[in-house]
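User: Hi! I would like to learn how to read aromatic rings in a protein model. Could you walk me through it?

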Amino acid sequence: MSGNVRLLDDTLAAAKAEGRSALIAYLPAGFPTVDGGIAAIRAALDGGADVVEVGLPHSDPVLDGPVIQTADDIALRGGVRIADVMRTVREAHAATGKPILVMTYWNPIDRYGVERFTAELAEAGGAGCILPDLPVQESALWREHADKHGLATVFVVAPSSKDARLAEITAAGSGFVYAASLMGVTGTRASVGAQAEELVRRTRATTDLPVCVGLGVSNAAQAAEVAGFADGVIVGSAFVKLMLDAPDDAAGLEGVRALAADLAKGVRRQV
């Protein structure tokens, strides 16, 4: 069965045709529970997110700050497994028809088996994977199987990436390029920073892929700022923090839905 890379491509192209950035939400699988995580993803999509990244919880999430680390720990202590991640992708996509990616570090895929992981993700209706710690020069096996199963391979670029390195990374990727707005880990910040716009400019010089910016965006004003120069705005920690701080699950879901609606206005620059 083929995955949904075409759906991802079409979704990002449709946002561009509307003269706006796409809104991409990140939420970890299994947080606060597997069912609760699926409900949260549906809430984000119902609120206005165009795409969702489902985080595969990891015991050593080197790119992630304390908010997502806390959520990952809750999911892992709850016993989340890769099968639960696949179920999350399947049910979120089936309920909404929107593209769902998995964001994961390489070690869980390597241990699970690349062919098995890509086949199951495609069967679940997944659109691809974001692989923040997989070096491009070591990615041939992954890309072979991802291409075979119709899955996007999204690599991460950072402000420290030299131009030649950017070209190498973007030539190997598909779907979109994840531009980390600053050096450091995920988390909400008061300002997204000027580095992000310069990184998008440099990345676009190497590729026709959409360039989507993550790390630090937490409100509609920041989303509007990033939408002024990026093809997509990625928001994760702000959603997770809402759920961590909510008095109960229902309030958490309503908070996620409301934040997605607010951010959706932001990417349309209606702030």
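Analyst: Happy to! Keep in mind that this is a predicted model. Let's begin with two tryptophans: W106 and W142 are both buried.

User: How is a pair of aromatic rings described?

Analyst: A pair is described by how far apart the ring centres are and by the angle of the planes. Here, the centres of the W106 and W142 rings are 6.2 Å apart and their planes stand at 90°, so this pair is edge-to-face; the cut-off for that label is over 60 degrees.

User: Which parts of the chain does the pair of W106 and W142 link?

Analyst: Distant ones: W106 belongs to helix α5 (residues 106-112) and W142 to helix α7 (residues 140-148), 36 residues apart.

User: What about F117 and W142: how are their rings arranged?

Analyst: The ring centres of F117 and W142 lie 6.3 Å apart with planes at 55°, so that pair is tilted. This pair also joins distant parts of the chain, with F117 in helix α6 (residues 114-123) and W142 in helix α7, 25 residues apart. Like W142, F117 is buried.

User: How many aromatic pairs are there in the whole structure?

Analyst: The search finds 3. One aromatic cluster is formed by W106, Y112, F117 and W142.

User: Which residues have the most contacts inside the largest nonpolar core?

Analyst: They are F117, W142, F176 and F239, in a core of 87 residues. Leaving aside residues up to four places away in sequence, F239 touches several others, including Y26, L27 and V256.

Conventions
Residues numbered from 1 in each chain as written. Predicted model: local features only at pLDDT ≥ 70, side-chain atom pairs only at ≥ 80, totals over all residues. Heavy atoms only, no water. Phe/Tyr/Trp six-rings, centres within 6.5 Å; stacked < 30°, edge-to-face > 60°. Helix = DSSP H or I, 4+ residues; strand = E, 2+ residues; numbered from the N terminus. Buried < 20%, exposed > 50% of the residue type's maximum accessible area, 1.4 Å probe, protein only. Core = buried A, V, L, I, M, F, W, Y, C linked by side-chain atoms within 4.5 Å. Contact = heavy atoms within 4.5 Å.
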